[in-house]
Structures are given as structure tokens and as C-alpha cells.
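Open the model in your viewer and keep the selection tool at hand. We will go from stop to stop, with something to pick out at each one.

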Amino acid sequence: MRHALALLGTLALASACGTSGGGDDSPPAGDCAGGKCDDADGTTGALDDASSGDDSAESGSSGGGSGGLLGLCEEYFEVDRDAVLAACEDRADTAFDPNRSSFQADAMRWSCADTPGRESADRGQEYCEYFAIVDVPPLGASVHGLVDGQGGQTPPAVGFSDEALAYLEEDPQRTAGACVFTTWNSDVMPEAVDATTEIAGVPLSAEIFQMKFAVNSRDAADLLVDECVTCPRVTPDADDPNDPLHDDFTRGCFLNAELNETPDRKSDSILCAGAGRLGECGCDLAEDTGTTLAQHLAVAEGLGFPLGGWNGRQELPQGCRYETVDTYRHNLVVCDVTASEVLANAGELKTFCNERFADDVVVYVPVPGDAVACEGGKSCGATPWMVER
Amino acid sequence: MVPTDAASLQAALQGHADPVAQWILGNADADAVVSSDAASLVEGVGLALDCDPALRETYVVLSNPLAPKAVVAHCADVPTDASRVLTIFEPQPELGDLDADHVRMAAWDPAAERYRRYQFAPHPDGGLGVVSEPEFCASCHTFGEHAWTPIMNEMTNPWTRWHTEPDFTSLLFDESVADPYRGPTWDWATQTLASASRFEPIIRASAARVTEATIQRRTEPARPDLVEALVRPVFCDDTYNFASESHDSGELDMNVALDPMIRRAMGFADPDALGPWAVRDSLKLPAPGDEASAIRFLAVRSTLTVEAEAALLSRNVLEPMDVLRVRALDWMRPVGSPLRCALYEDALPRWQPATDATATDAARALYEHVMAPVAARLDDDDTVLAIGEASSIAELDAAEVLTLAQWDGAIASHLEGLETDAGRSRLRAEVQARACTAWAVDPTVPKIPGFEPGRCP
């Protein structure tokens, strides 16, 4: 019954998407934007026929991810087991970093920073995109490293006229720009976007501040959680105590790889591990709220996953602040950049944003612990989404 | 000796425009007693900075020898504001506490564009007096041609030997080492104890102040000391930072393997030449088997030096290829290259700035003078003379001319090789080698596990 409800919830959401905004023109959930998908190596490749599960094993690339054209749990990719296990081990190192643990009693979380090796124009794959703004009065405000979701981006570098240089040098400690982090889903449009609000000299707009990758969407999040709660996963070898799939995290990460071919993403791996445990432990919302557990985790009522810091859901890194979009307070984080920093990093501002702030700007997936009821099991515990090792 | 009358104090602070000097002059009595105690001093300066007391933070490090030192910052939520004044409490084991009688402060003087240093000490009449710009501070905080700068040995996660709770799990910060120093001053100072991860941006802001002050003098007439202050950091490392593996994760800051200016300059010169390594900020080594195998305090190029070079690039004193041609020499050794520094020191005695030149023009000329042996081997504007490891100018003969794309490939292979068990062993050996180089020029080298100064050449 729970699985049927989940499936109905997904279908209902798919049809509702057009009215909540952004859905009519968005690619179907799970498809790869611009025909490009991640493969296990973290590079992009062209999209093959979405039904060619066999081909993907040979080409090592793409596939549309499950659910695009097929039903939930109907398409599993053939994956290189060893490569996926190695990738999952890297993801586990991140998720269980004692300094930045991903599984909390009331949330799952990860940083906005991309996993190592992602090309500049592909940065922003963790349900969080980021870019830089330079605001120098002689030049005006300019946006750098803003992706278009199709493999392009605005120039990451900025050059300066003598006049701009003089302005920046006049007071090197003045704020001259910003790194912007956004979790505003690509398929969600709020009631109102106040264009009179300026962020580092740039008027607030969906064109600039909304996420662009189709995978950074409410639809994708909802589908991912649904899949990971619902879909059967490979079972570990009961006769081999050393089988890595005995590990709860690895099992969920592996499932994500089979369903979406994205073991290189922190977000997908962590969400699937936590959601997978919810599924294994027979969890659902304790009361009928009209939404499914998956929809609830995917922030059905919000603009996107809320942003925070490692020290707390609303404790941002030094020099950073929230900016509001309509009534949503926690989906835009703006971190000030001084004139000195702009000058020092003019050739690669987006990299600067990644290195200086992205590791400390954290995407939260709130888990309403009190609202979740689980059938349980010996290994489940009271909070099964708090995956442990 | 602390001044004991107002006139002496006035004379000592003549021309000081920093906030600490202003506060001292406004609060000292006729006998030059500045404050009754350290707490009043720190709190008073904080109010003078217009900082909310609730935003004062204290950071603790196990300094050399392993004993806790506390650093206090005001307005800690905004790193550039916090970098205006820093207060230091040293450990005092015989007191069983931090030393409240010998507090130090560093304060940015916006008029002089440098840090002023103050040592507060017991006044003969009771309370605290102050000594301005004591010499002993300079020995640890002045490096080569760099002006006095606040320092933080390890400026990347895991900030080894710093207290990093609650944000992060501390590494090699032994609480039991700090226990003997916990008295009233410790209790007062650490009521605002915060993670050292929050101190890092403040130190970066401090370094930015010093760097900006130096680079903005490039339009002045050329004087040898000014020109050398601009150019020497490109070739010689007089100050070091350090990086450690994050606990037992195998994750290690990329700067241990590759100078960060390579990526920055290549991004300007030819972004298409940059391979996937350019977007990575860390190496991923196989996990260490035990603590003895872990990489702790591996020397890297200091933030101060890197930013000094980046400033030359952003102000067009040097072109991206100029930077890359230096970095390509002994490129597998990102810090403390005997080759790069030998080129500079060999050429310097034979150089004089042209009459009526600006510091910019003279810096450019000095660079070209130093790099003449390299330039003689290059015919194309877009090539470098690259050699992975070399210790002397004579070894330049073995260097090869590479395009940026070719060098990029070599870099990728090198980094791949380091992310292996053999690579870990190599980096472990580098801890000793680089510590020796750093130890020879930088007295602030931390106490490095396993480092044996007796084995240094």
C-alpha cells in the first residue's frame, strides 16, 4: 500500500508540476539536460536512446535515468561493480567525515561544493548552483560562471579598466562582489519575484538566480527519493561478511548508481542511502497529509532544499547572509567578496567561490523525525535515515 | 621598558593611526598606566572598534613548544573587520594560566598601511603599561621582504593543533596539554572560544591588507628594497604554511603537490590547456594505515607569498606566462625551490634599477634580468622551460621546452602518481625535506611529528 501511494504521489506531482511553475517547459523528470548525463567517471557524454540500458553498459555513458519514460523501478543500468563501489567509498568518506557528517537526527545534508574533477561549466550538480558577481561602479555589476544548464556559462574571468582598478585599490577591504549559492529549483516558480531587490548590484530574477540544470529540480528530488525508498536494491551476499553491500550507505549509493548512474554526486548518494534505509525499515509519514514521504523530503511546499552551515541549519559561514525570494528565506545565500579578493581571483572567480565558501554552504534535506513512522526491524533503530558505519 | 609618563608614551606612539594607539592615548593616565588588567584592555579596545562584545571570539593553538596560545578577535563575524586588531595571550606554566601581564596586540594602521605591534607589560605603579613595536615580535613575523604579518601555520582543514570544535573535530589538539594553563585568565579568554576554522578567513584578510599595501606602492619611484619586496616572492619562499591530511581520510590539500599559481596563471594564459586537475582542490591518497603514515604539516607555499604573486598578475606587472615560466622550474616542488631562489639570488647582485623608473618598471626589469637564462632557451611566447625537479641553475640544461598543453599532461600524470601508496610514501618523505628548508628560514615552523632537525643537510 505504501508503495502504491508513493507511486500515485509521483504521478500526481508530475501533472501538478505545470501549475506550480516551471514544469511545462522543463525536461521530464530524470532526463538529462541538453542530452548530457554524468557517467561514473564524472564526465559528461551524449545521451543515447533512453531505453538502451544494454548500450549504456558498453558506452559507459548516459542513459536517461529511471522514470523518464518508464515506470518507477523499471529500469536499472548495468554498472561496473568495482568502479561504483570505489566511487561509493569516496562518497562515504565525505558523508562520514567527522567534521561534516551528512546524517543528522533531523536532516540529511551535504555541501554545495562539487565533487573533485567537475569541469567549470558543469559545476552545481548537488541541488545547489553557484556563481560570482562583481560589482564595480565604473563597470557596473557583472555575473561570472553562471551556467545555462546546456554546457555553457558566462565568462568565469573578469578584466578591469584602469578606472575599475583604481576603484578597487582605493579600498581593498570594501565589498566589491559576491559569491551566490542557490537552491531555487529549476522547475519551481514562486508567486512573485521582486526585481527591485538587488543582490550585489544585480536585480533579483529567475533568469539569474534560479538553478538551471534540469537535475536540480523538485521533480528530480522527488523522483530520486521515491526510487530509493521504493525500488528493490541488490542484496549483499549473506555468505560473505566482507561484501561491501552489507554496509547501509554503500547499498543505497549502489542503488543510486544502478538507477541514475550518478555515484559521483554527493547529493544523490547521500539521499539514496538515507531514503533507502527509510524504505528498508518500512517508513512512511505517520499521518495522511496529502503528500508522500518522498514529496515531503523533496520540500513539496518550498522553493528548494534550504541552505545553512555545518554548525546549524541557519548558521551560515562568516561573511555570508540569506537573501529572500518571495517568502522563501533560505534558498539564496550571498557571501561578500572584497575588492582585494576580486583582484586576486579575477581569472577564476567561480573557482574562488568553490574554494572559499562552497564547502561551508550546506544543503539540508529536513527529515521530519516526529512525522515519520517506521515498521522497524532489528537493525533499523529509531532514526533509520541516520546511516551509520 | 614601559613608558612611565605621558610625554614618553606620546613620543612612542607618535604618528600611530591604528585603533589601539588611539585607545591607549585616550585611556592612559599621567604615569602612562594604560589599563588595570588584560580583560579591561581587551574589552576597551573592542568597544573602541565599535564591535559588539558578543562577536568577540577566541581561538586556541598548541604553539611551540606544545603549550596553548590564545588569539582574540573582535567583530569576528566579518573577517576584514576582525583583521584590524588581534590580541595574543601566551601560556605561562609557572602561573598555571595564560599570561595576563604580557598581552600583545597587532593593529592595522590605515595611514601607514602596516600593522603596529604592542606589548603590554606590568607598570611599576601597578596595572599595565605598553611598549610599542618590540623587536622580539619581528623575529617570528617578518619574512624576507614581507612586512610584519599575523601568521597561522596551517590555514586549511584540519588546522592541525588548533582547537576547531564545535565546527570540526580537532586534530592533534590534546586537551590534556592545555589543562595546566587553565586559570582565571584562561577562563575569561575562552568564554568566547570558537573554532580555528573561523580564524582562517581573518588571517587571510590580514594577509590581504599587507599584500595590498605592498602592491599599491608599485607606482612609486623604484627603490631596491621596494622592487625586491615585489619580485622576491615570485622566486624565493621566506615564509611557509603547512597542510595536513584531514584525519585519516587520505584527503590532502592540492597545494602540497602543485603551486596554486600554476592553475591561476594558466587560467589566464590558456584556459583550454587546463585539464580536470585544475578544478580539484585536494588530493585523495589511499587511507593511511596508522598515524605514523599520515601526512602532517607538509610545507606548502604561504598564503602571503601566493597573494603577493597574484597581485603582480592582477596589476599586470607580470603577465601570466611570466608567472608560469618561473613556476615551471622545479615544478614538482611547489615550495622552497633551491633552483628558483638561486636564479634570483644569483642575478640580484648584478642588477640596479634604472634611474627615474617606477617600481613597476623596475620590477619588470628585475624579473627579466633574473629569467634571462630561461628566456634564452625559449623561442615562442607560449612555451615554458619545464623541469620537474632541479636544485641548481646547472640543472637547467636538462629542462625541456613544453607547450602549456604538454605541461598540463605532465601535471596530470604527476598528480595521479601521488594518489597511490607510493605517492603517500613520497609525500611522507617530503615532510622531512621541506621542514628542513622551512626551518632554515622561518622560525615559526611548528613542531612537526617525526621531524628530525639533526637529519637536515
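Helices (H or I, at least four residues) and strands (E, at least two) are DSSP runs here, numbered from the N terminus. With that in mind, select Pro166 of chain B: this residue sits in the loop between α5 and α6 of chain B. Please remember throughout that this is a predicted model.

**Stop 1: the prolines of one loop**

Show the backbone around Pro166(B). The peptide bond that joins Glu165(B) to Pro166(B) is cis, with omega about -5 degrees. As background, most peptide bonds are trans.

**Stop 2**

Next, select Cys75(B), in the loop between β2 (67–73) and α4 (79–82) of chain B. Most residues other than glycine have a negative phi.

**Stop 3: the domains of chain B**

Zoom out and colour chain B by domain. Domain 1 takes in residues 6–144 + 174–195, and domain 2 covers 220–455. Between the centres of these domains of chain B, taken over C-alpha atoms, the separation is 35 Å.

**Stop 4: a pair of helices**

Now pick helix α9 (residues 224–235) and helix α13 (residues 338–347), both of chain B; they pack at an angle of about 145 degrees, with axes 8 Å apart. To see the contact, show Glu228(B), Val231(B), Arg232(B) and Phe235(B) on α9(B), then Arg340(B), Cys341(B), Tyr344(B) and Glu345(B) on α13(B). Sorted by class, this contact holds 4 nonpolar and 4 charged residues, and no polar ones.

**Stop 5: where chain A meets chain B**

Bring chain A into view. How many residues of chain A are in contact with chain B? There are 31, and they touch 34 residues of chain B. The area buried between the chains is about 2,800 Å², with carbon and sulfur atoms giving 45% of that.

For a close-up, select Arg263(B) and Glu355(A): they form a salt bridge, and their closest N and O atoms are 2.6 Å apart. Between chain A and chain B the count of salt bridges is 6, and 12 residue pairs are in polar contact. On the chain A side, the elements that give two or more residues are α3 (81–95), α4 (162–170), α10 (339–344) and α11 (349–356). That side has 7 nonpolar, 12 polar and 12 charged residues.

**Stop 6: a link within chain A**

Over all chains, the structure holds 54 salt bridges. For one within chain A, select Asp106(A) and Arg313(A), whose closest N and O atoms are 3.2 Å apart. This pair links distant parts of the chain, 207 residues apart. Asp106(A) is in the loop between α3 and β3 (107–111) of chain A, while Arg313(A) is in the loop between β10 (307–308) and β11 (320–325).

Definitions and conventions
Residues numbered from 1 in each chain as written. Chains lettered and ligands numbered in written order. Predicted model: local features only at pLDDT ≥ 70, side-chain atom pairs only at ≥ 80, totals over all residues. Heavy atoms only, no water. Axes fitted to C-alpha atoms, helices over the stretch in contact; angles between N-to-C directions. Contact = heavy atoms within 4.5 Å. Nonpolar A, V, L, I, M, F, W, Y, C, P; charged D, E, K, R; others polar. Buried area = accessible area lost by both parts, 1.4 Å probe. Salt bridge = Lys/Arg side-chain N within 4 Å of Asp/Glu carboxyl O. Polar contact = N/O pair within 3.5 Å; in protein donor to acceptor, adjacent residues only side chain to side chain. Domains from an automatic or database assignment.
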